[in-house]
Amino acid sequence: MEDIRGRLTKDGIRIYEDADFAGMREAGRIAAEILDMAIDYVKVGVSTATIDDFIREEIVRRGVTSATIGYKGYQHASCISVNHVVCHGIPGAKILADGDILNIDVTVIVDGWFGDTSRMYVAGNAPRKAERLIEVTHEALMRGIAAVKPGNTFGDIGFAIQSYVEANRMSVVRDFCGHGLGRVFHAPPNVLHYGRANAREVLEEGMFFTIEPMVNLGRPETKVLADDWTAVTRDKSLSAQFEHSVGVTATGCEIFTLSPAGKFHPTYG
Ligand code: MF3
Ligand code: CO
Ligand code: CO
């Protein structure tokens with residue numbers, strides 16, 4: 001048996017100890033650094049397999065482990081979700097074209113701790129509406145994170161995200177959610193990106209989880225393609241996602257997956 005310290009709440013959510021933050025900080029930093037380095041590979045004419053090859057090699061070079069290779073049969077070091085792909089896009093022969101927007105999602109295991117993060121990239125120049133989608137999705141994540149503190153609820157996080165997204169006349173995907181993590185990849189609770197204030201489980205210091213809203217320009221419905229992984233918008237509208245791994249502190253939260261270079265959010269010149 002793996003030795004996992006800490007206790008579980010009545011909802012089965014693990015409460016980690018102060019010392020455990022250091023492990024998550026290291027795993028999160030490495031995942032974020034790899035996403036920083038991936039920026040150079042996102043170019044018109046490059047295949048998504050080429051980007052994934054870089055990510056796999058960088059994970060090996062650093063002597064850490066990919067959490068996705070071998071996970072439920074998945075065979076890649078990243079998910080790369082282009083345009084109307086909502087999440088779990090499989091890297092492959094697809095060549096990036098001018099104006100494509102893409103999410104790259106990487107999860108690494110470092111000394112047993114899971115660092116899970118994703119962000120948006122642009123190949124060439126994106127149309128204004130795609131830039132707006134990316135801006136709103138990033139701001140939605142940060143508003144969700146701003147709701148993280150002991151005594152608030154997971155409903156408060158979902159409400160902060162959903163109300164902001166819908167005020168911008170975009171939609172929040174319901175079919176996928178964030179998740180507890182730590183010494184495991186996916187654990188309770190389900191972190192919904194929609195909801196009502198004061199609803200659901202109460203946040204406590206020592207909880208570790210992801211927030212990873214997926215936002216669509218059109219309707220929220222998704223479907224999974226025949227490969228059993230790729231999730232797309234049913235109406236083929238553009239979709240964006242950002243993901244951070246966070247830990248609840250006494251006064252708020254620590255974001256484990258911030259970009260050391262400050263490149264989490266793509267900037268538009
Ligand atoms: N990293 C994804 C998440 O945010 C999970 C990817 S699982 C995979 O939870 F198998 F598709 F890679
Ligand atoms: Co995740
Ligand atoms: Co992820």
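1. Buried means under 20% relative accessible area, exposed means over 50%, and partly exposed lies in between, with a 1.4 Å probe and protein chains only. By that scale arginine 62 is partly exposed, its relative accessible area being 25%.

2. The structure is a predicted model, in which local features need pLDDT of at least 70 and side-chain atom pairs count only at pLDDT 80 or more, while totals for chains, interfaces and linings use all residues. Side-chain values use heavy atoms, with hydrogens and water left out, and residues are numbered from 1 along each chain as its sequence is written.

3. The model holds 15 salt bridges, a salt bridge being a side-chain nitrogen of Lys or Arg within 4 Å of a carboxyl oxygen of Asp or Glu. One of them pairs arginine 62 with glutamate 58 at 2.8 Å, N to O, and here glutamate 58 is buried, with a relative accessibility of 5%.

4. Glutamate 26 and arginine 29 form a salt bridge at 2.9 Å, N to O. Because these residues stand three apart in helix 1 (residues 20–38), about one helical turn separates them; helices are DSSP runs of H or I with at least four residues, numbered from the N terminus. Glutamate 26 is partly exposed at 32% relative accessible area, and arginine 29 is partly exposed with a relative accessibility of 32%.

5. Arginine 219 and glutamate 221 also meet in a salt bridge, at 2.8 Å from N to O; arginine 219 is exposed at 51% relative accessibility, whereas glutamate 221 is partly exposed at 31%. Elsewhere, salt bridges with shared partners link Glu26, Arg29, Glu33, Glu58, Arg61 and Arg62 into one network.

Methods: Chains are lettered from A and ligands numbered from 1 in the order in which they are written. Helices (H or I, at least four residues) and strands (E, at least two) are DSSP runs, numbered from the N terminus.
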